[in-house]
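Student: I have a new structure to look at, and I'd like to learn how to read it. Could you walk me through a few features?

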Amino acid sequence: MPYIAVTLSADASPTLSATVAQGVTAITGRVLRKQPGVTAVTVHYAPTDHWFIGGQSLADLDRASAWLDITITASTNSKDEKAAYLEEIFAFLASVLGPLHETSYALIHEVPADAYGYGGRTQEHRYVAATLAG
């Protein structure tokens, strides 16, 4: 049940937003084993002449960039899974946006199960309920 915020150095486009949301959801499901039905994605945009790396705009550098911020439940994925996820996300975004600047970041927040949830219940509550029902 991750929440994922993606910021792209591009002009806003409903088609691009849908492509990114679908791709990120699929990669998150496949690599991190997160259920697509409870994966929420927001897509935000910043023009290339308003995004700077090393003091130079992406427009001047003729590169794209992206920022992906994902929140997941702590201890549900290994270091190898997270590394594979970041690699696949970078490759996917490069395939959608064109050449990505190396300084395109992704951050995985791992939060405690008792402090994170959806539908009014924490992930810890869901785990305990499933265990007792099991």
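Student: Let's start with a loop: where is Arg 33 found?

Tutor: Before that, a word on the source: this is a predicted model, where local features need pLDDT of at least 70, side-chain atom pairs count only at pLDDT 80 or more, and totals for chains, interfaces and linings use all residues. Residues are numbered from 1 along each chain as its sequence is written, and side-chain values use heavy atoms, with hydrogens and water left out. Helices (H or I, at least four residues) and strands (E, at least two) are DSSP runs, numbered from the N terminus. Arg 33 is in the loop between α1 (14-32) and β2 (40-45). Its phi is near 60°, a positive value in a residue other than glycine.

Student: Is Arg 33 buried or exposed?

Tutor: Buried means under 20% relative accessible area, exposed over 50%, and partly exposed in between (1.4 Å probe, protein chains only). Arg 33 has 51%, so it counts as exposed.

Student: Which loop holds Ser 75?

Tutor: That one lies between β5 (66-73) and α3 (79-97). Ser 75 also has a positive phi, near 65°, and is not glycine. With a relative accessible area of 72%, Ser 75 is exposed.

Student: What about strand β5: how many of its eight residues are buried?

Tutor: Six of them, so β5 is mostly covered.

Student: How do I read its strand partners?

Tutor: Two strands pair if DSSP finds at least two bridges between them. Six bridges join β5 to β1 (residues 3-8), and these two run antiparallel; there, Ala 5 stands opposite Asp 69 of β5. Seven bridges join β5 to β6, and that pair runs parallel. Trp 67 has Tyr 105 in β6 as its bridge partner.

Student: Which residues make the nonpolar surface patch?

Tutor: Like charges are joined within 9 Å, nonpolar side chains (Val, Leu, Ile, Met, Phe, Trp, Tyr) within 5 Å. Areas come from the Shrake-Rupley method with a 1.4 Å probe, and for residues only the protein chains shown count as cover. Here Trp 67, Tyr 105 and Leu 107 make a patch of about 300 Å². Tyr 105 belongs to β6 (residues 105-111) and, at 54% relative accessibility, is exposed.

Note on methods. Patches are made of residues with over 30% relative accessible area and no salt bridge: like charges are joined within 9 Å, nonpolar side chains (Val, Leu, Ile, Met, Phe, Trp, Tyr) within 5 Å. A salt bridge is a side-chain nitrogen of Lys or Arg within 4 Å of a carboxyl oxygen of Asp or Glu.
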